[in-house]
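Below is a short briefing on one protein chain, written for a reader who has the sequence and the coordinates open.

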Amino acid sequence: MCSSDLWFLGLASPSMLRLGLSIAVLLVAILFLIGFRLPGSPRKSTIAATGALAGVMNGVAGLSGPPLVFLYLTRADSLSVGRATLIAFFFVTDAAALAFAGVGGLIERDTAITALLLIPFLLAGVFLGERAFRGTSPERFRQVVLWLLVLTGVVGAARAVIAA
């Protein structure tokens, strides 16, 4: 965890931070749903800022995905490039987190067995997602992803309120 994550963690309780981030995700998703788009392709500074925000959100609330998804929904290149990039990003970051957790002794035997048993379902989900993606228009794909982000924001906010 870097110093900015620690600074954010000291600002408020974890549930309040999760609530704030969830509301932000919800509001940005709604903005995109009503037609907001960033002009042109994102600049390197926008990409760097998005990465930094994703890192801070991951450290604060384990919620790195939304900034990255928003960035790739605004890119000028194809959605398939953005989707593939996100899949690769999450694969690498999840593998690294798993390795660090394993080395740190944070993975219990039962958790590891459960994770292994869920791998076929994960692969089935990837397969079904790929088939659905190929048969979906770019605009429909954006709409589905944005509604999933709305759901993420609502569920995150509800969890934060319940935990408070």
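Predicted model: local features only at pLDDT ≥ 70, side-chain atom pairs only at ≥ 80, totals over all residues.

Residues are numbered from 1 along each chain as its sequence is written, and side-chain values use heavy atoms, with hydrogens and water left out.

**Confidence**

- The mean pLDDT (the predictor's confidence in each residue, from 0 to 100) of the protein chain is 83, and 91% of its residues reach 70 or more.
- Helices (H or I, at least four residues) and strands (E, at least two) are DSSP runs, numbered from the N terminus.

**Helix α7**

- The 26 residues of α7 should span 38 Å at 1.5 Å a residue, and its end C-alpha atoms are 37 Å apart, which agrees; the expected span of a helix is 1.5 Å times one less than its number of residues.
- The buried residues of α7 are F141, R142, V145, L146, L149, V150, G153, G156, A157 and A160. Buried means under 20% relative accessible area, exposed over 50%, and partly exposed in between (1.4 Å probe, protein chains only).
- These buried residues of α7 pack against α2, α4, α5 and α6.
- L146 sits in α7, which covers residues 138-163, and has a relative accessible area of 1%, so L146 is buried.
- With neighbours within four places in sequence left aside, L146 is in contact (heavy atoms within 4.5 Å) with A29, F32, L33, F70 and L73.
- L146 and A96 are 50 residues apart in sequence, and their C-alpha atoms are 27 Å apart in space.

**Helix α5**

- Helix α5 (residues 79-103) has 25 residues, which should span 36 Å at 1.5 Å a residue; its end C-alpha atoms are 36 Å apart, in agreement.
- L79, G82, R83, L86 and A101 are the buried residues of α5.
- The cover over the buried residues of α5 includes α4 (65-73), α6 (109-134) and α7.
- Just after α5, G105 takes a positive phi of about 70 degrees.
- R83 lies in α5 and counts as buried because its relative accessibility is 17%.
- Leaving aside neighbours within four places in sequence, R83 contacts V126, G129, E130, F133 and F141.

**Salt bridges**

- Side chains of opposite charge can pair when their charged atoms come close.
- A salt bridge is a side-chain nitrogen of Lys or Arg within 4 Å of a carboxyl oxygen of Asp or Glu, and the count by this rule comes to two.
- E130 forms a salt bridge with R83, with the closest N and O atoms 2.8 Å apart. E130 lies in helix α6 and R83 in helix α5, so the pair ties together parts that are 47 residues apart in sequence.
- E130 also forms a salt bridge with R134, where the closest N and O atoms are 3.1 Å apart. E130 and R134 are separated by about one helical turn, because they are four residues apart in helix α6.
- Salt bridges that share partners join R83, E130 and R134 into one network.

- I30, L31, I34, F36 and L38 make a nonpolar surface patch of about 450 Å². Patches are made of residues with over 30% relative accessible area and no salt bridge, with like charges joined within 9 Å and nonpolar side chains (Val, Leu, Ile, Met, Phe, Trp, Tyr) within 5 Å.
- Accessible areas come from the Shrake-Rupley method with a 1.4 Å probe, and for residues only the protein chains shown count as cover.
- I30 is found in helix α2 (residues 14-33) and counts as partly exposed at 38% relative accessibility.
- M16 is also found in α2, and with a relative accessible area of 44% M16 is partly exposed.
- The C-alpha atoms of M16 and A163 are separated by 9.1 Å, although these residues are 147 residues apart along the chain.
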